[in-house]
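Please look over the structure below.

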Amino acid sequence: MKNDIMNIELPLSVKLLFQNKQLDILSLLCMLSCFSKKRKGITLEEIAFYYSIATSDAELFFEGEVWNINDTNAKVEVDANLMLIKDRIKEFIIILTNLKYIDFEFVDEQVHIKINKYGIDLVNSLDSDYFNNIIEKTNIVREHIRFNKTNEKRIEQGVVRI
């Protein structure tokens, strides 16, 4: 019985919706475009943090220094996104580097990723509400939520209110 479940072939429409590497890579590139002004770029941990929030369906509510995710189900989605992207981010970075859309360098023994002109040109050519929403949400999140280890741990531990 267990082997039968593992051998189920998903319809193409479901695969494209939930297992679409190209969509995930373009989403990551859109998110990176929001950090194009950072001189050094951003670290892999920052990418995972902001990507997990920006690509979720969570609605964020800000009250001064405090932010909330709209409900527990959305919170679980952000947490799941964080775990998934941490596993896949290096592969996506290699692909984007080989396509010459991003550059990376080592700063203080950490990898810093920065979108380049070709990546910006690609993002600017995308005509999609989905990608525009990711850019808009990333900018809002970046403005209100600072990446730090405390906030990262709170997401990983399932805390809704930060």
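## Ground rules

This is a predicted model, in which local features need pLDDT of at least 70, side-chain atom pairs count only at pLDDT 80 or more, and totals for chains, interfaces and linings use all residues. Residues are numbered from 1 along each chain as its sequence is written, and side-chain values use heavy atoms, with hydrogens and water left out.

Helices (H or I, at least four residues) are DSSP runs, numbered from the N terminus. Axes are lines fitted to C-alpha atoms over the stretch in contact, and angles between N-to-C directions run from 0 to 180 degrees.

## Helix α3 and its partners

Helix α3 spans residues 21–33, and helix α6 spans residues 117–125. They pack at about 110°, and their axes are 10 Å apart. The pair is therefore roughly perpendicular (65 to 115 degrees; under 35 is roughly parallel, over 145 roughly antiparallel, the rest oblique). On the α3 side, the contact (heavy atoms within 4.5 Å) uses Leu26, Leu29, Cys30 and Ser33. On the α6 side, Gly119, Ile120, Leu122 and Val123 take part. By class, this contact of α3 with α6 has six nonpolar, two polar and no charged residues. Here Ala, Val, Leu, Ile, Met, Phe, Trp, Tyr, Cys and Pro count as nonpolar, Asp, Glu, Lys and Arg as charged, and the others, Gly among them, as polar.

α3 also packs against α4, at about 105° and with axes 10 Å apart. These two helices are roughly perpendicular as well. Asp24, Ser27, Leu28, Met31 and Leu32 of α3 meet Ile47, Tyr50 and Tyr51 of α4. The classes in the contact of α3 with α4 are six nonpolar, one polar and one charged.

## Aromatic rings

How many aromatic pairs are there? The count is five. Rings of Phe, Tyr and Trp (its six-membered ring) pair if their centres lie within 6.5 Å; planes under 30 degrees apart are stacked, over 60 edge-to-face, and the rest tilted. Phe104 and Phe106 form an edge-to-face pair, 6.2 Å centre to centre with 85° between the planes. Phe104 is partly exposed at 42% relative accessibility, while Phe106 is exposed at 59%. The cut-offs are under 20% relative accessible area for buried, over 50% for exposed, and in between for partly exposed (1.4 Å probe, protein chains only).

Tyr130 and Phe131 are also edge-to-face, at 5.3 Å centre to centre and 75° between the planes. Tyr130 is partly exposed at 38%; Phe131 is buried at 8%. Elsewhere, ring pairs link Phe35, Phe49, Tyr50 and Phe147 into a cluster. Arg142 lies over the face of Phe35, 5.3 Å from the ring centre. For this, NZ of Lys or CZ of Arg must be within 6 Å of the ring centre and within 35 degrees of the ring normal.

## Two buried residues

Glu46 sits in helix α4 (residues 44–54). Is Glu46 buried or exposed? Glu46 counts as buried, at 12% relative accessibility. Leaving aside neighbours within four places in sequence, Glu46 touches Lys38 and Phe147. Ile113 is 67 residues from Glu46 in sequence, yet the two are 9.8 Å apart in space, C-alpha to C-alpha.

Thr138 belongs to helix α7 (residues 129–144). Thr138 is buried, with a relative accessible area of 0%. Neighbours within four places aside, Thr138 is in contact with Met31, Cys34, Phe35 and Ala54.
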